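Subject: Structure handover

Hello,

Here is the structure I promised to pass on. Please open it and keep it in view while you read the notes below.

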Amino acid sequence: MSSVKPGAQRRLTIADVAAAAGVSRTTVSHALNDRGQVDPQTRARVKQIANELGYSPNLRAQRLRTGRTNSIALLSSMPFAVAGGPSRLGFMMEIAATAAEAALKQGLALVLVPPLEEARNLLGELDVDGAIIIEPVAEDPQVTQLQRRGIQVVSIGRQPDTEPTVPYVDMQAERTGRMLLEHLRERGARHIALLIGQQRRHSYVDVEQAYLDFTRRHQLPCSIIRAEEMGGEDAGAEACRRLLAEQPGVDAICAPVDAFAVGVVRALQEAGRRVPEDVRVVTRYDGLRAQKCEPPLTAVNLHLAEVADQAISLLLAQIGGKATASIVQCPPPELIVRRSSAD
């Protein structure tokens, strides 16, 4: 056995493990990294000796040798006013839970990047093999910064107005919008307003198109109002107050952002409008906000666990140069009817 002891001050190297095992450095490297043609018994013995010595690989040297960090990042372009608060980062964390599991099964670390302006400073230093960004806006600076560094990026939800297209998992926002609007019409609503964010985000762009087609097809009034995401629930409430002042006959509001929808319910109740008797309210994401609102909000099961798994697979295929498609379809959205729109 080698004279090097686990408690020695000098950092153990691959040469120490090789000397202790009586094999070459190449054999140790292949054995520890499960690569190359190494006899199974030798591989097991090398790993056991490395463990007994307390050897851990030099990650910096490994990075230089392989060009891989074995880690990926998950980012959201939504501000904390929408992503955080009572929702506890619901949309992002629901995706993160499955993404972390999928990454760990592949021997990868998952790094969560906070949805803050300041987080952009991290992107210049973050050492990852690839990144998944949730619902990027058009010309999203986070995507641009990562791509300039040569980091592979895929998105959950299409990035609008972008060529070439960032590989993405299609969240079927237009289909979701049609589902919510048709539900409201089936419940008797005839003046449905749409409340969306001001940004160019796929879930706004696609739902707005679905709304324009819907109101034209059914010859219904068209009322679109926008709110600033940074304002969160308060912005949704203020937008609802403006809407009621301009369009007092509104009998339903589709607010895809759950934070906006909760603000809408509050503003309606303050104005003496009953939900759903006077005005029905629906939202897109079935998270804590939708479930804990009073009354609970009709929402959509977006199957985020499956979406996250698809995004990880798409990213790894892109990183490995084995991608056969740049667009992956998520499972069909499922409407969850609650008291905010029920009779």
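At what angle do helix α1 and helix α3 pack, and how far apart are their axes? Bear in mind that this is a predicted model.

The angle is about 120°, and the axes are 10 Å apart. To find the pair, look at residues 14-21 for α1 and residues 40-53 for α3. The crossing of α1 past α3 is right-handed.

Which residues make this contact? From α1 come Asp16, Val17, Ala20 and Ala21. From α3 come Arg45, Val46, Ile49, Ala50 and Leu53. By class, 7 of the contact residues are nonpolar and 2 are charged, with no polar ones.

Now the cavity. A search of the whole structure for cavities of 30 Å³ or more turns up 1. The largest cavity holds about 210 Å³ of space. It is lined by 17 residues, and those closest to its centre are Met78, Val82, Phe91, Asp258 and Tyr285.

Which elements give two or more residues to that lining? They are α5 (80-83), α6 (90-105), α10 (202-218) and β9 (280-285). Helix α6 has the largest share, with 3 residues. Sorted by class, the lining has 10 nonpolar residues, 4 polar and 3 charged.

Best wishes

Technical notes
Residues numbered from 1 in each chain as written. Predicted model: local features only at pLDDT ≥ 70, side-chain atom pairs only at ≥ 80, totals over all residues. Heavy atoms only, no water. 1 Å grid on protein atoms, 1.4 Å probe; cavity = no way out; pocket = protein on both sides within 12 Å on 5 of 7 lines; lining within 4 Å. Points joined across faces, edges and corners; volume = space filled by probe spheres on them. Helix = DSSP H or I, 4+ residues; strand = E, 2+ residues; numbered from the N terminus. Nonpolar A, V, L, I, M, F, W, Y, C, P; charged D, E, K, R; others polar. Axes fitted to C-alpha atoms, helices over the stretch in contact; angles between N-to-C directions. Left-handed = near helix turned anticlockwise from the far one by under 90°. Contact = heavy atoms within 4.5 Å.
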